[in-house]
Amino acid sequence: MQLRALAAFCRRMGVGLRAGVDILRVLESESRLGPKPHREVMLRVLQSIRDGNTLARSMLVEKRHFPPLLIQLVNAAEIGGRLDSMFTYMADYYEQLLQTRTFFLSRISGPLIQLGLAVLVIGVVILIQGILSPNGPAYDASGVGLSGVSGFMVYCGVITAIAGAAGLFVYGVWKNWFNCHRLLMPIVQRIPQLGTALTTLGLSRLSMTLSMLLNAGVEAKRSLKQAFLATGNYYFISGMDRALAAVEQGQSFGDAFDAAEVFPQDFLDAVHVGEMSGTETESLDHLALQYRDRSKAALNTIAMIASVVIWLSIILLLAFMVISSFMRLINGVYRPLFKDLGIPI
């Protein structure tokens, strides 16, 4: 599903369920909304529920249509009996993600266009240089050792290969090829700002899921496992077994999170305080909203950093071209002249 459609779907589901409408009626209404592929999926989900399956299981069959995170949280919400609040939370989450993505693209679109123009200018310089000096230029104006049509073709090939490799890498990471998230997430988690955004998003989902399950009276070990999985963050999930082992030994959730060795201190302190005051679920609900807001600020910061990095790339690219061209000009033109005049250089 597209992000905008996903947010609208969660909003409609949340509003309908919170109003007390039966889930079958909500899904019947949903099967008449949106594009044809969505309507067909919702009809199959509706029939699956009529056959006795849960909503999470029905959505899992249609996993090409629904994101894994939403399916996981639907499963936790069904166990906890809080489908309406979960869909409302996810509607806010996807709307925030859409706003952040729009902001991110608006911030980097200008620098990306200018970077493309800078690359294009260098290519045009290489091409024109060969046309204007068919017998060989006195110096290389491009600064990269290429000239003429052949040099332009080599330059285009190199740029295409670099852009293609970068695009393929980003797409592969996005689609989790070769289960790369399990390897990359712990590394990315330690990058300033980017790691902060991923941490806060994961903690927000963990807090909300655990609060739902505890309110429903679900046993501790199952609640904790579902909460870890709901983060969608392999860095956090890597500590799940240690936390579950602590719960099995009769320790509190705060101690279990301590044993996981993957959570920031402020989160651990908040959980311990909530347990001591007997307000675990209220504290977790508050943490979910707090971390969601913090993740939004972190993602906006990432967008600004990305735009600055692209600007610096443009400056470095053009500076390399200018300095290289100047040095070649000195070596090819002025050095012989100074030598004839007896001026050391």
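**Exercise 1. Describe how helix α10 passes helix α12, starting from the handedness of the crossing.**

Solution. Helix α10 passes α12 in a right-handed crossing, a term used when the near helix is turned clockwise from the far one by less than a right angle. The helices named here are DSSP runs of H or I with at least four residues, numbered from the N terminus. The model is a predicted one, in which local features need pLDDT of at least 70 and side-chain atom pairs count only at pLDDT 80 or more, while totals for chains, interfaces and linings use all residues. Residues are numbered from 1 along each chain as its sequence is written, and side-chain values use heavy atoms, with hydrogens and water left out.

Next, take the geometry: the axes of α10 (residues 220-230) and α12 (residues 240-248) come within 10 Å and cross at roughly 165 degrees, where axes are lines fitted to C-alpha atoms over the stretch in contact and angles run from 0 to 180 degrees between N-to-C directions. The two helices are therefore roughly antiparallel, a label for angles over 145 degrees.

Finally, list the contact, meaning heavy atoms within 4.5 Å: α10 contributes A220, K221, L224, K225, F228 and L229, and α12 contributes M240, A243, L244, V247 and E248. These residues divide into eight nonpolar, no polar and three charged, where Ala, Val, Leu, Ile, Met, Phe, Trp, Tyr, Cys and Pro count as nonpolar, Asp, Glu, Lys and Arg as charged, and the others, Gly among them, as polar.

**Exercise 2. Work out how α13 and α14 pack, and at what angle.**

Solution. Helix α13 (residues 253-260) and helix α14 (residues 265-277) pack at an angle of about 160 degrees, with their axes 8 Å apart. That makes α13 roughly antiparallel to α14. The contact is made by F253, G254, D255, F257 and D258 of α13 together with F267, L268, V271, H272 and E275 of α14, and by class it has five nonpolar, two polar and three charged residues.

**Exercise 3. Decide whether E62 is buried or exposed, and find what E62 touches.**

Solution. First, locate E62 in the loop between α4 (55-61) and α5 (68-80). Its relative accessibility is 13%, so E62 counts as buried, which requires under 20% relative accessible area, with a 1.4 Å probe and protein chains only. Leaving aside residues up to four places away in sequence, E62 touches V41, R44 and V45.

Definitions and conventions:
Parallel < 35°, antiparallel > 145°, perpendicular 65-115°, else oblique. Buried < 20%, exposed > 50% of the residue type's maximum accessible area, 1.4 Å probe, protein only.
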